[in-house]
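Dear colleague,

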Amino acid sequence: MTTTGEVILRVEGLSKSFPGRGRGHDVLAVDGVEFELAAGGSLGIVGESGSGKTTTARMLIGLERPTTGRILIEGVDHTTPARTARQWRERGRRIQIVFQDPYTSLDRHQTIGSCLSEAVSVHVRGRAGEVSDRVEELAALVGLDDRQLRAVPRALSGGQRQRVAIARALAAEPRILILDEAVSALDVSIQAQILNLLADIRERTGISYLFISHDLAVIRQITDDTLVMRHGRVVEHGPTPRVLDEPQHAYTRLLRSSVPRPGWTPESALAALSGADPTEDDA
Ligand SMILES: Nc1ncnc2c1ncn2[C@@H]1O[C@H](COP(=O)(O)OP(=O)(O)OP(=O)(O)O)[C@@H](O)[C@H]1O
């Protein structure tokens, strides 16, 4: 995928701390994160559970207010969550998110077609015909047929529901789509279909992806660049093949060696760490 060189998202010194429970210390979930996402690019964020990936995503989408730092989308400051419906819509036209399990966010009584019409209507203020044309376009883009548009969520498979979630996010024609463990719950073959679909959509629309995953094989397939987070900080950042094949940081080597591959043994994972201290915080 070629990019234009335009930076669509710039994150500067982003931090988020949550108050500790009772008399506990505050939790510094995200600590000084900085990165850029190129228009049409795809950036992966990897890291173990609790490393701050989702909190970063929630700040970008405006569900969480950063403690410090700045979020610039298309050069516009989006550090503070939207306050009005208009601001929310405007932000939605720039950035959308797809989570791991869309089932919980879909109305179980609403047909898929009506759910997509609703999402389109927020952004297309035109004739009813325009809305239904756009719903058809979106359904075609993600591979949903008429029967599925007439169905309610429980009648669909996990992969089909994830197509619905992607179509709903694309209704706003955002420049950036965040995918937070969006294929993690799917069978490998369905996962491959969704990844191909996402690659195809990026090719056709020039959308940019921020792809959060703990699965390095998925990251390799769908991203150009990868950043590795640990304890809220970025410990490594670079082109995906370099980060995955020649990791500079001991923690990235640890993540890599935790992925069972042909010939993998617990001993080989430990050997990968020999001479390296995964507790170091900077490469
Ligand atoms: N609302 C909150 N209040 C208090 N602590 C929080 C809150 N949200 C997240 N945290 C803490 O912030 C840290 C980072 O969590 P986050 O969910 O961002 O990590 P993650 O890398 O996305 O993990 P996972 O892969 O398990 O989703 C964790 O220690 C978590 O417990």
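Which residues of the largest nonpolar core touch the most other members? Of its 67 residues, they are Leu116, Ala167, Ile176, Ile178, Leu210 and Val228, where a nonpolar core is a set of buried Ala, Val, Leu, Ile, Met, Phe, Trp, Tyr and Cys residues joined through C-beta atoms within 7 Å, and a residue is buried if 20 or more other C-beta atoms lie within 10 Å of its own, with C-beta atoms placed from the backbone. Helix 6 (residues 158–170) gives the most to this core, namely 6 residues, helices being DSSP runs of H or I with at least four residues and strands runs of E with at least two, numbered from the N terminus.

Please bear in mind that this is a predicted model, in which local features need pLDDT of at least 70 and side-chain atom pairs count only at pLDDT 80 or more, while totals for chains, interfaces and linings use all residues. Residues are numbered from 1 along each chain as its sequence is written.

Leaving aside neighbours within four places in sequence, Ala167 is in contact (C-beta atoms within 7 Å) with Leu116, Leu138, Ala139, Leu141, Val142 and Leu144.

For the chain as a whole, the secondary structure comes to 11 helices and 10 strands, and 40% of the 283 residues count as buried.

With best wishes

Key:
Buried ≥ 20, exposed ≤ 12 C-beta atoms within 10 Å, placed from the backbone. Contact = placed C-beta atoms within 7 Å.
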